[in-house]
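Please open the model in your viewer and keep the selection tool at hand, as this tour goes from one selection to the next.

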Amino acid sequence: MRPELEYRIVTTVSEMAEMEELQRKIWGASSVSPIPQLMAAVHNGGVVIAARHGGMPVGFCYGFAGFKRGKAYLCSHMLGILPDYRDWGIGRQLKLRQREWAMQHGYDKMTWTYDPLEARNAYLNLCKLGGTVSTYIESYYGDMGDGINKGLPSDRFVLEWDLSSEQTVRCLDGAVQDQSDWREYPLVLGWECNGEFPRPVTREPFGGQPPLSGESPLAMQQGILLSVPAAIHPLKQAQPAIAMEWRLALRSLCQEAFSQGYVAVGLLRNDEPVHAYVLERKGGRMA
């Protein structure tokens, strides 16, 4: 039987030193939030939470106070887990404890960023937590040299999590999403096999010339599907050029869709080499 995991809010300098070392193990030395930054955050509206196994830190999350358009929120800047522990459900538990702490301290919203090509993170963020995405930022962190991000522009989705929304509560209660409507949406970004790896293919008419009326084909849909590799890291290591094709294809279509009022609300998973983002239009189909 596995020893139980322990989750604890971190406040001391010695504990922050452990979090600093944990970051080096997860991402390497180039992507570390140092002790002074962590200490300043927890004294000014932020929180650091550690997951421990047998007394050893194996995961953590770190958030600081954010402020935009006259409203405060918790910016959940980092969440990392040692590779051997990534199938233990630790990410979801850290987010739940961060949400609980945030609500106790007066926040009603959290935000964080994640790589749109990380399908595993997408499923957690959209389907298991109930967050949504309507913002895509190109090269958010500039060029990153760590082992996870090296080789591709550091594009990011901005995830918004309304902590008490109906969707959040439903997802946290484990309600099964009715995906029948989702599966009827047109696949705007498809794929084809390139050896053992998938390559992106934009479906016509979405990637071709605009219709004669000049109206974007996206304007006629209630929802759309955009494929994303189920596992980007093996693809990036073996076929970096195809990984870049996925980056640029998803970037282009997400930016266009978000500009027309779409919101990413879920991820359809299957047994193929790709899953599919589900984007729906806010307020329904355009007249």
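A residue is called buried under 20% relative accessible area, exposed over 50% and partly exposed in between, using a 1.4 Å probe and protein chains only. This is a predicted model, in which local features need pLDDT of at least 70 and side-chain atom pairs count only at pLDDT 80 or more, while totals for chains, interfaces and linings use all residues. Residues are numbered from 1 along each chain as its sequence is written, and side-chain values use heavy atoms, with hydrogens and water left out.

Next select T111, which lies in strand β5, spanning residues 109-114. T111 has a relative accessible area of 11% and is therefore buried. Leaving aside residues up to four places away in sequence, T111 touches Y73, L74, C75, S76, L159 and E160, where contact means heavy atoms within 4.5 Å.

Now turn to the aromatic rings, of which a search of the whole structure finds ten pairs. Rings of Phe, Tyr and Trp (its six-membered ring) pair if their centres lie within 6.5 Å, and planes under 30 degrees apart count as stacked, over 60 as edge-to-face and the rest as tilted. Select Y62 and F64, whose ring centres are 6.0 Å apart and whose planes stand at 55°, so the pair is tilted. Y62, at 2% relative accessibility, counts as buried, whereas F64, at 28%, counts as partly exposed. Then select Y140 and Y141, where the centres are 4.6 Å apart and the planes are at 90°, so this pair is edge-to-face. Y140 is partly exposed with a relative accessible area of 37%, and Y141 is also partly exposed, at 33% relative accessibility.

Finally, look for charges over rings, a term used if NZ of Lys or CZ of Arg is within 6 Å of the ring centre and within 35 degrees of the ring normal. Select K95 with W112, where the charged end of K95 sits over the ring of W112, 3.6 Å from its centre. Then select R269 with Y123, where the charged end of R269 sits over the ring of Y123, 3.6 Å from its centre.

Methods
Helices (H or I, at least four residues) and strands (E, at least two) are DSSP runs, numbered from the N terminus.
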